[in-house]
Amino acid sequence: MGGDQNPLSPDNPLVIAPGSLVGSGLSTASKTAYVARSPLTGLLGRAIAGGRAGWEIRRLGYDFLAITGAASEPSILVVDGDGARLEPAGELWGETISKARRRLMESYKGYADILIGPAGENRSAIAMIDSGGRQAGRTGLGAVMGAKMIKAVMLKGSLTPRIHDKKRVLEAIRELNAKTHGSPASKNLVEYGTPLMVNYTGRAYGVLPSLNWRESTLSWCPNPEKAYDELSRFAPKYRVGRNPCIGCGRPCTQVIRVNGSEVDGPEYETVYALGTDIGVCRIQDIAHLNKLADDYGFDTISLGATIAWAIHASEEGILDLDIHWGETEKIAELIRDIAYRRGIGDLLADGSRKATEKLGKGKELLVNVKGLEPPAYDARGLKGMALGYAVSSRGADHLTSGAYAFELYGRLWRYEGVDRLSYKGKGRLVRDGEDLMAFYDNTGICKFSRGTLQPENVAPLWSSLTGIPATGGDLLLTGERTVNLERLVNLHLGLDPLRDDTLPQRLFKEPIKRGPSKGEVVDEEAFREMRAEYYAARGWTSNGIPLESTLVRLGLHEILPDWLVSYASKTPG
């Protein structure tokens, strides 16, 4: 993963790593990390999904898989009790994800699948990796898999993971599962799924981005109140099933049928990206676009945000695109064009930032950080989220810091009385939030369990499972180590902290127009003070570089190679 290496080079490893508690029986501990250098940002790419693949990696006796090199022809990578081998993908290359999966399941019965669609095959930098219908969406890692000429990875193990103290593990799991399944938040998630957030972000706080972030409520919809109700509570009306992550007893995914077609979702981020951000108010239309995005293999967030930028750019005369806000069928055809790089689809296939670089104009309309398009939280009305976007290792991202949850609910974990519009103390909050979210990624616990499963009560389970004594503080420390490691890797890949740990100018200059957050911007001076507080809380220099003393405190200097440790600073200046 060299600093001068093309992310689509065969030498860019694709690492697939289940969390340490995947397969333990803990409900919601199902997540697997997909990591490589991102073709979208050029920095560390990371995406998380809850498919069965991680469990099968555990059953194979591995902690992770690393795929290096590239096949000479379109292939399927099969890993099972007989080892690893490549088999021809044949006519599967070019197929949509749903069609390819149906055919693979006929030939590989009992295997878990990891798949890409045409977007990944054509190396779109906004392509995702699909794992059994769960999407590792962010940072374009589907293109990395496509560059390796791997259509699918099929996994099947037969081993039983070792457990240090089975009795205590079962006791801990029963207690924690009861806590999670019995919480009011879990009941709402199961009934309505994540789109319930539309009521919080749009109606209550006015931070639901719309029309390429020119609006932050649904005031532009023909009937805003009806739109809020429909987009947040559609699940009971249209639900025909569920597709839970493996081992999850609190399934938030809603499989719905609209207009004769079934789709897994749409979840909240897709309601924004393929809905409000591109001028679509009807759940039927969003579901249609969601199904296309899943089938062709796109990250719905980056896809929708890129299309939103393109429509906005067309309105401003920057781009020749005959599509207006909310024109669903034209947008559907554009999604197909992006997947196959046809016409203007080729310009948009690598995300909004690269489109402006190719055009040489349109940058002033962008909303992204480090090249990654943002999720559904308008940071002008969530000051900690503004900082979280800026300093995240993978770009404009809500799940690296989770700051939105602290600010929208006003309380979480150790924090009470959080003021979403205050800049005070947000550097430390984002630091703590990043460590906590990295703990979830490291263990594989779903972040929607943040209200019930936390390092303090998970530690006894983790210790009983592994035989390694650990406190909540120890598990949280693994998160802090992760954040520092990611910063070192990004420095190696060319990160310039003071240049890159920032926000698009629109969030500093354009106030929110209407709604509960009307008039809000991110004050640039206050932002710099938040960032300085964050750097200091991290034990980094004022330029955003980890101090050598911080690496020593975390024990990273003992386990990391010297060339990576060399990016640390000996002095705080």
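## Aromatic rings

Rings of Phe, Tyr and Trp, the last through its six-membered ring, count as a pair if their centres lie within 6.5 Å. By that rule, this predicted model holds 11 aromatic pairs. One of them joins Y108 and Y111 in an edge-to-face arrangement, with 5.6 Å from centre to centre and 75 degrees between the planes. Planes over 60 degrees apart count as edge-to-face, which is why this pair gets that label. Y108 and Y111 are both buried.

Ring pairs also link Y268, Y377 and Y404 into a cluster.

## Helix α20 and its two neighbours

Helix α20 covers residues 472–492, and helix α18 covers residues 426–443. These helices pack at an angle of about 100 degrees, with their axes 7 Å apart. Angles of 65 to 115 degrees count as roughly perpendicular, so that is the term for α18 and α20. On the α18 side the contact is made by E434, D435, L436, A438, F439 and N442. On the α20 side it is made by L475, L476, T478, G479, E480, T482 and V483. By class, the contact of α18 with α20 has 6 nonpolar, 4 polar and 3 charged residues.

Helix α19, residues 455–466, also packs against α20, at about 100 degrees and with the axes 7 Å apart. α19 and α20 are therefore roughly perpendicular to each other. Here P455, E456, V458, A459 and W462 of α19 meet G472, L475 and L476 of α20. The contact of α19 with α20 divides into 6 nonpolar residues, 1 polar and 1 charged.

## Helix α15

Helix α15 runs over residues 351–359, and its buried residues are G351, S352, A355 and T356. An α-helix has 3.6 residues a turn, so residues three or four places apart point the same way. The buried residues of α15 pack against α12 (300–315) and α14 (344–348). After α15 comes G360, with a positive phi near 80 degrees.

## T541 in its loop

T541 is in the loop between α23 (524–538) and α24 (548–554). Is T541 buried or exposed? Its relative accessible area is 1%, and a value under 20% counts as buried, so T541 is buried. Leaving aside residues up to four places away in sequence, T541 touches Y535, L547, S569, T571, P572 and G573.

Definitions and conventions: Residues numbered from 1 in each chain as written. Predicted model: local features only at pLDDT ≥ 70, side-chain atom pairs only at ≥ 80, totals over all residues. Heavy atoms only, no water. Axes fitted to C-alpha atoms, helices over the stretch in contact; angles between N-to-C directions. Helix = DSSP H or I, 4+ residues; strand = E, 2+ residues; numbered from the N terminus. Parallel < 35°, antiparallel > 145°, perpendicular 65-115°, else oblique. Contact = heavy atoms within 4.5 Å. Nonpolar A, V, L, I, M, F, W, Y, C, P; charged D, E, K, R; others polar. Buried < 20%, exposed > 50% of the residue type's maximum accessible area, 1.4 Å probe, protein only. Phe/Tyr/Trp six-rings, centres within 6.5 Å; stacked < 30°, edge-to-face > 60°.
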